[in-house]
Amino acid sequence: MYNCGPTVYWRMQLGNIRAYANWDILHRTLLYLGYDVDRVVNFTDVGHMTEDEDFGDDKIENTARSEGKTPQEISDHFINTVTQDFYSMNYLQPDGSQTRLDMTPDETKDHGWARATLHIEDMIAHNKMIEVNGFTYETEQALYFDVTKLPDYTKLSRQVLSDKLVGVRDEVIVDPNKKNPADFVLWMKRTGKYAKHLQHWESPWGDGFPGWHIECSAMGCKYLGEYIDIHTGGVDHISVHHTNERAQNIGAYGHEVVRFWLHNEFLTNKEGDKFSKSKGNAFTLVELREKGYDPLDLRYYFMSIHYRQPIRFSEDGLESAKNARKSLIDKILSLVRGSESLDEGDILKAYDERFRESLMDDLNVSSALAVISELLGSESKDSDKVRTILEFDRVLGLRLRESIEKALEKDLPSEVQDLVDQRAKARAEKDYQRSDDLRDRLKEMGYEVLDGVNGQDVRKIVL
Ligand code: AMP
Ligand code: ZN
């Protein structure tokens, strides 16, 4: 599986984060179903232009210039923020391992991440194959893919090429020798507008830098071969980026490389506009945290809505996801109380079967969550329920075991224990006012007290 990765010129906004929530669920689902998953996610650190145009401004270089830094400093920094956000959202790394907070950009390549600027030779080699097969032409400005050479060029978008050409014609045509407006750049020469481009390499077409699309074809085929089962991206990629990737694949190998293209719908604002960094209407996980949400609340929110369904972001929606996650943790806690370990029970096969079926139905996570509700309301043994739900969490990725264990921590800090003891005394003396005050103080310290038949039950608030 190849997932088109982030352009590392800014911290991912929640729309990007939504995209990877779906592919994380897909990755985890495949593992759960017993597949071996070879997966690559790229970091785009060169050639992605503003407005996704061929002749826009390079996003990385824009940030580098405005911050007075080198392109590599910019991409290093934002690769770090990607892995941090993957950690917070509990997304697996492409190689299936847990993301670590302290990873360096350099280490990412050992975990299935592929950084564009480390693969320039592969892109040149891929372009050469396309050239040898007769799909290209060269001008003083660039090496182009000639889209008229591929009769079903618009197959993915189902657009009619002549319609597409009309749309593209409105763009400023920078290169008068470009044959068809829809032809796209495979290699951009360091000349004209790009004479001062900071990142550049030697190539058979002169000094320059790769077009945006070639990195995904080249790195995908390098690591996953000339047949790739699944390739993903947002719906914005259908008509340009993936259409061009597909053309490059066929141009090089003479056959379709990707079997299934999966596209996630957008996260939009209340007005229905796509969340987007460049439009300035999006925000990041850091800002979400400042509003008091845990990234796992966002995970729950995103995963409960099908990936092909647009999401209009709302705090109400996020708030209900937060409550749903808390209530799930509370229900499990009420089942484990008194048991020796979380793994005493058995996995309930009938529920597991239905959980798998939901996921196999084009990742129907909301139906998988409904299986959990049914299981919780069933007559099954408590320990079996707990064991089964924790097993499901291999896919849901809600860190349930961690939350439960944290809540069950037996040894209370001494100052907390002291207040608990004082409260027991107050209750024995029927001083309910004092008992309530102490409960409030404990709550402020992050502990919840429930009065049961066996006295006080104290647990850490985990959210
Ligand atoms: P980019 O960093 O722009 O290359 O985007 C990284 C991924 O996030 C791509 O697969 C995009 O299609 C996806 N994406 C960008 N904005 C949104 C959005 N608002 N909603 C969902 N996916 C998005
Ligand atoms: Zn891509």
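1. Lining of the largest cavity. In this predicted model, the largest cavity is lined by Ala-21, Asn-22, Ile-25, Phe-302, Met-303, Ile-305, His-306, Tyr-307, Leu-363 and Val-365. By class, eight of the lining residues are nonpolar and two are polar. None is charged.

2. Elements around that cavity. Two helices each supply at least two residues of the lining: H1 and H9, the latter spanning 295–303. H1 has the largest share, with three residues.

3. Volume and number of cavities. The largest cavity holds about 70 Å³. Searching the whole structure gives five cavities of 30 Å³ or more.

4. The second largest pocket. Its space comes to about 450 Å³. The lining counts 20 residues, and those closest to the pocket's centre are Leu-26, Leu-30, Tyr-35, Asp-229 and Ile-230. By class, 15 lining residues are nonpolar, four are charged and one is polar.

5. The shell around ligand 1. There are 19 residues around this ligand. Thr-7, Gly-234, Asp-236, Leu-267 and Phe-275 come nearest. The shell divides into 10 polar, six nonpolar and three charged residues.

6. Polar atoms facing ligand 1. Asp-236 places a polar side-chain atom 2.6 Å from an oxygen atom of the ligand. Asn-264 also uses its side chain: a polar atom there lies 3.2 Å from a nitrogen atom of ligand 1. At Leu-267 the backbone takes part, with a polar atom 2.9 Å from a nitrogen atom of ligand 1.

7. Cover of ligand 1. On its own, ligand 1 has 490 Å² of accessible area. The protein covers 94% of that area. Helix H1 (14–32) and strand S8 (228–234) are the elements that give two or more residues to the shell. H1 gives the most, with four residues.

8. Where to look next. Which helix gives the most to the ligand shell? Helix H1 does, with four residues.

Technical notes
Residues numbered from 1 in each chain as written. Chains lettered and ligands numbered in written order. Predicted model: local features only at pLDDT ≥ 70, side-chain atom pairs only at ≥ 80, totals over all residues. Heavy atoms only, no water. Near = heavy atom within 4 Å. Polar contact = N/O pair within 3.5 Å; in protein donor to acceptor, adjacent residues only side chain to side chain. Areas by Shrake-Rupley, 256 points an atom, 1.4 Å probe, with all protein chains shown as cover. Nonpolar A, V, L, I, M, F, W, Y, C, P; charged D, E, K, R; others polar. 1 Å grid on protein atoms, 1.4 Å probe; cavity = no way out; pocket = protein on both sides within 12 Å on 5 of 7 lines; lining within 4 Å. Points joined across faces, edges and corners; volume = space filled by probe spheres on them.
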